[in-house]
Amino acid sequence: MTDIADLIAPSLEDFEDLAAQAFNSLPEAFRALCGRVEVFVADFADSETLRELGMKDPFELTGVYIGIDLTQKSVSDPSGEPDRVILYRRPILDEWAERGDLPLGELVTHVLVHEIGHHFGLSDDDMHAIEDQV
């Protein structure tokens with residue numbers, strides 16, 4: 001049994017590994033639809049991102065999708081930048097510790113899938129409705 005006093009929080013590198021495992025565990029067809037979406041990890045959202053989303057507390061944001069969702073993309077207007085999902089390590093760790101009811105990898109996967117849902121053009125309400133059906 002692991003001594004709780006010896007546990008340390010996963011580093012950014014550990015979190016990047018968790019995010020890669022989460023993405024690779026998704027069905028192949030789902031991953032293919034993601035196209036060039038890139039996944040990044042940061043400790044917190046920067047002040048500009050928080051301001052754009054009307055948020056003040058960086059612990060409230062566990063992830064964000066940056067890009068043009070598939071419902072708005074046009075082949076005649078290609079973007080030079082790939083779409084991105086950024087997962088925020090510290091808010092995810094806080095939510096995980098507060099919840100205490102699921103493995104960290106499962107929460108990372110949940111946040112990742114939620115942000116990829118925005119890539120597909122789904123709103124938060126759409127995704128909550130889907131989650132309620134599962």
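Here are some questions and answers on how features of this predicted model get their names.

The model is predicted, so local features need pLDDT of at least 70 and side-chain atom pairs count only at pLDDT 80 or more, while totals for chains, interfaces and linings use all residues. Residues are numbered from 1 along each chain as its sequence is written, and side-chain values use heavy atoms, with hydrogens and water left out.

Q: Why is Arg-89 called buried?
A: Buried means under 20% relative accessible area, exposed means over 50%, and partly exposed is in between (1.4 Å probe, protein chains only). Arg-89 has a relative accessible area of 13%, so Arg-89 is buried.

Q: What makes Asp-43 and Arg-89 a salt bridge?
A: A salt bridge is a side-chain nitrogen of Lys or Arg within 4 Å of a carboxyl oxygen of Asp or Glu. The side chains of Asp-43 and Arg-89 meet at 2.6 Å, N to O.

Q: Which parts does the pair of Asp-43 and Arg-89 tie together?
A: Asp-43 sits in the loop between strand S1 (38–42) and helix H3 (47–52), and Arg-89 in helix H4, so the pair ties together parts that are 46 residues apart in sequence. Helices (H or I, at least four residues) and strands (E, at least two) are DSSP runs, numbered from the N terminus.

Q: Why does Asp-43 count as partly exposed?
A: Its relative accessibility is 29%, and partly exposed covers what lies between the buried and exposed limits.

Q: How many salt bridges does this rule give?
A: The count comes to three. Besides Asp-43 with Arg-89, Arg-99 meets Glu-95 at 3.6 Å, N to O, and Arg-99 meets Asp-101 at 3.1 Å, N to O.

Q: What links Glu-95, Arg-99 and Asp-101?
A: A network of salt bridges links these residues. Arg-99 and Glu-95 both lie in helix H4, four residues apart, which is about one turn of the helix.

Q: How do you know whether Arg-99, Glu-95 and Asp-101 are buried, partly exposed or exposed?
A: Arg-99, with a relative accessible area of 43%, is partly exposed. Glu-95, at 25%, also counts as partly exposed. Asp-101, at 52%, counts as exposed.

Q: What makes a nonpolar core, and which residues have the most contacts inside the largest one?
A: A nonpolar core is a set of buried Ala, Val, Leu, Ile, Met, Phe, Trp, Tyr and Cys residues joined through side-chain atoms within 4.5 Å. The largest has 21 residues, and those with the most contacts inside it are Phe-15, Leu-87, Ile-92 and Val-108. Two or more residues each come from H1, strand S3 (84–88), helix H4 (89–99) and helix H5 (104–119). H5 gives the most, with six residues.

Q: Where is Glu-13, and why is Glu-13 called exposed?
A: Glu-13 is in helix H1 (residues 12–25). With a relative accessible area of 57%, Glu-13 is exposed.

Q: Which residues form a negative surface patch?
A: Glu-13, Asp-14, Glu-16 and Asp-17 form it. Asp and Glu count as negative. Patches take residues with over 30% relative accessible area and no salt bridge, with like charges joined within 9 Å.

Terms used: Patches are made of residues with over 30% relative accessible area and no salt bridge: like charges are joined within 9 Å, nonpolar side chains (Val, Leu, Ile, Met, Phe, Trp, Tyr) within 5 Å. Accessible areas come from the Shrake-Rupley method with a 1.4 Å probe; for residues, only the protein chains shown count as cover. The place of a charge is taken as NZ of Lys, CZ of Arg, CG of Asp or CD of Glu.
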